[in-house]
Amino acid sequence: MMTKRPLLILILVAALVQISSCTKVEKIEKVGLTPSSLTINLRATEGDAFDFSVSKSLNVLDNASIKPLKNAKIKLYENSVLVETIVYNTISQSYLGATIAKTKTPYKIECTASGFGTCTSEFFVPEKPENGAYSLKIVRNQNASGGVFYDSGSFQEGQISFILKDNSKEANGYIISLKENWTKHASGGGGVGYYGYSSWECLNQGVTSFGNYNFYSSAQSAFEFYIYDDLFSGKELPITLKTNSNYNSFISGQDTLLSYDITIYSLSDGYYRHCFNRKQYENGKGDFFKEPVYIYSNVNNGLGACGGVALKTFSIPFKI
Amino acid sequence: MKKLFAVSLTALFTFFLQSQSNIQIYGFVGDSVSGEKIISCAVLEAGSDSRAITNTNGNYTVHVPPGNVVLVFSAVGYEKKAYSFYASKDTQINMALLYVTTMKNIKIVAEKAEDIAQTTQMGAISIPVETIKKIPALLGETDVLKVLQLLPGVKPGMEGTSGFYVRGGTPDQNLILLDGTPLYNVSHLYGFFSVFNTDALNHVELIKGGFPARYGGRLSSVLEINMKDGNMKRFKVNANLGFISSNATIEGPIIKDKLSFVISARRSYIDLFYQPLYRAISFNQYAKQGYFFYDFNGKINYKPSKNDQISFSSYTGQDKFYNNIGPYRYLYDGVIYENLQKDELSWGNRLAALRWNHRINSRWFSTMLFNYTRYKYQVFKQVKESEEGDTGIVTTGSSQDFRSMVRDLGFKYEFDYSPNNKNAVKTGINVIYHRFSPGATAYSVQNPLSPKSIDSSYGSSMVRAVETGLFAENDMVINDRLKINYGLHYSQFFLKDKFYHSLQPRLSARYLIGKDWAIKASLVKMQQYIHLLTNSTIGLPTDLWVPSVKQLAPETSYQGSIGIAKTLVKKYLFSVETYYKHLQGVLDYKNGSSFLNTYEQWFQKVESGKGRSYGLEVFLQKKVGKTTGWVSYTLSKTDRQFAGINNGERFPFKYDSRHNISVVFTYDIDSKYSIAGTWIFATGNAFTLPNVRYQSIDQNGNMVEVESYQKRNQFRGADYHRMDVSLTRHYVKKYYTLNVNLGFYNLYSRKNPFYYNIGTDTYGNKVLYRVALFPVLPFFSFNFILK
């Protein structure tokens, strides 16, 4: 009996070691050593000089940090005419050109660097979008005695409506960013902000909402709504944003909601697609149930995004 | 369309109206000990071409000329029996056959397998239930679906799971019928075990191609599983004690040879052992964490007359994970507090079927079926705190309840008509009333500080639909060499705002070369109106069953196959088949979408595309003798294409696998010992992994590093191979039999990939991890049969 016990323990230990050793590190080569690509990024705005960022992509398992590539040359074409060859600028630490970006103008770049094939990209700089008349409607929930709370409580209904206008004929994409402007952000962990949350969604069909649920216990970020150009039936698109936020306090001395600050981004087609996919990618990080996201690039033979953006910002004062 | 259907039906019936002046011999073939029906039993007239096969009810009709007749009854595993008589008029002959392993000495009498070259059916494989029981399985739990995964053209999903992928199709494209009623989810424990209790089963058959017209509603396969009817002669108890679960089956006569029953129940007991351990290690006597599953099968079978059989069968099963704390109460400063925390995940099926088999006359046989099936999936979270003081009870808390459900109510009426020896006709209709609840979340918040409690729900609304099917098929002998099975299946799908329909021609043919080599070919069109949305990253039962709707059309497939078949030396079934399958309307989630996001309707999260699959399958099977088993090899390629996924380019299907080999054997050493083993090999699955890092710009000009997927499923995992072995000791006594089964799963402890992920090692360096699930696992089980 005594001789069997050590054997039994040995078998049990071996079994436990065996079961616990299920995870195995696979060899690096198994991912596939994808050759590095040129990565070119540009965010052009009307009236500003073109400022490119160029780097090279790395294998996902490469532990090196990504650094700017300094030996590239970027040929910039305006209306198919070469207007400038841009090289690395050591002061701006980027590829800063002298050409000023204009709207209604087709641009093309050719980027070359030692060890890489030529990358090309075509884009334009969008015209500034506009917002038409806007409205804010807040209906508060009643308390037990049928009245409304003075400085706290949930909204039975909350809605912002405005007209998104774009007179250009370009295929743009739009991002509407909504941020709540508080005098002092409720911090959670007890006190007034503990049960509060804000929530926004866009009622327009086909609009993708991101970050549509914020607890006050976390740092508040902007709500973003992505709208592709094909939703426009003409030059105007009525937008309706709806909230069912539940603020514990919004007009007391400590936490006061001053306004809803809205920024409309109008982005050139390829740049918009890139931003949209990137947002999906960020949104799905760490979520086991999310499908993988392929991030669009309008850089042929390379990665990144080249495009233009135009902004319009306006504020809607908070009133009830 | 209707005209074409009418013309086709007329053509279909033209042939068999020319009936010959033969005598019809018909009847029922059953087991001599239990009275259980024998499906696919060959009934031959000696010295002629007259032959028939028993249907799923064990009935046959064979046509013979007047005079002295010798009928030979032959079924796999049963002693062959000849019956001679003088035929002068239509006669009913019921036959009982003796199962060979019921004899004390395992002396194999029925050495001859069925003749594979005789049938027109392609891509159909039946596995004897007794063989399924012998094949070693994960943790000793015998499993029908795991055995099917070893067949050519059938691929398992991830390690250990029981979902199966037939010729590049998805699990929702498999029509799984339990006693003629579809089951939606057939897995326990995230797919590691199937819901079928093998002791309650009579017959298992899988059809991968060349579908006869009687089947419809799915694209890739039909798995027909028939439960036992229950022993008509005497009571029998069969019990299994296993590693994970135990089960018991009781069957017997209520009125001998008239009314029988079979009841089978199974429950896992991981939670019973784990819970005390969990409480001890968590130092919390109120903590409850565990998992269990259970199944219950029941059937009552009644034979009111020689020509009638009525049966009622039911199944209910559930899986449940739970991680709960409380409720627990405590007193603090004069106030009683009660806290409760619940996290539960459950899913399960319910099924009921009422069947009436009726022989109308010597040529006509009918089957009427009413059925109900339901699959429900639920995620429930709750946090609740209450204070009981002088002012009363104040409760705060919140709950979140996600539910997805599909419920069907069905009716089926089918006829078998045997006009002569040259034709065997089947025709019928079926109607299914579907109710889909694809996924909705109910939120509830109770907060005394808030002016009003929140009680709202998000998600997809219920969709109701009616699916109908009408079919006719004929298995026709053209001449000594050529035999065809042709038919039409017409299906309709009615939604509130949309109507879909489809006419699906089916054709299979067999041509004999020489005496016993057969060339077989088939062409079929299939259509299905329901879809399963499956997360592509993991195979949890987070799957949502959804219907075709206005925004998403049904799935359609066209499959052509050609092959050869032969029964070698009377014992081995040999076949080689090639196939090409084109799929339309297959669904996949869009980039970045998640099933958990109930703010969007489900059809906004998916995209419709196409796919194709083609391959070669080689199969050598031995069903009878002391050694049984098979060797199979599959060479195949499967891909998918969606406009909005992978830049619109084709990409490999997740379970695309170039080479698949399986070797399965069972060997009865003597009356006391038997051994069994399997070895499988499969080219690694395709995974989507990021492969580059680069800098990306947002709308504000900020640079952020991202990891990018260049292509969908571009990464090929390591090859999968595994060997399982088992040894069974049989103790055969006068009143009982005890079988003790010992074995090893993954004998040489191959670390097969379950999934891959990129993480960091202890030095902070990025590395790719391959996570394997099961090393070598010993198992044992006890099987007890009370005779």
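Reply: In this predicted model, chain B has an open sheet of 4 strands, ordered β3-β2-β5-β6 and paired antiparallel. Strands here are DSSP E runs of at least two residues, helices are H or I runs of at least four, and both are numbered from the N terminus; two strands pair if DSSP finds at least two bridges between them. β3 (51-53) and β6 (81-87) of chain B sit at the edges with a single partner strand each, so one side of each has no neighbour in the sheet. From one strand to the next, the twist averages 20°, with axes fitted to C-alpha atoms and angles running from 0 to 180 degrees between N-to-C directions.

Zooming in, β2 (residues 42-45) and β5 (residues 67-74) of chain B run antiparallel and are joined by 4 bridges. One of the residues involved is A42(B), whose bridge partner in β5(B) is S74(B).

Elsewhere in chain B, helix α4 (residues 270-282) has 13 residues and spans 17 Å from first C-alpha to last, close to the 18 Å expected at 1.5 Å a residue (that is 1.5 Å times one less than the number of residues). Its D271(B), Q275(B) and Y278(B) are buried, meaning under 20% relative accessible area with a 1.4 Å probe, protein chains only. The buried residues of α4(B) pack against β20 (259-268), β21 (287-305) and β22 (308-332) of chain B, contact being heavy atoms within 4.5 Å. After α4(B) comes F283(B), with a positive phi near 50°.

On bookkeeping, residues count from 1 along each chain as written, while chains are lettered from A and ligands numbered from 1 in written order. Local features need pLDDT of at least 70, side-chain atom pairs count only at pLDDT 80 or more, totals for chains, interfaces and linings use all residues, and side-chain values use heavy atoms, without hydrogens and water.

Note on methods:
Buried < 20%, exposed > 50% of the residue type's maximum accessible area, 1.4 Å probe, protein only.
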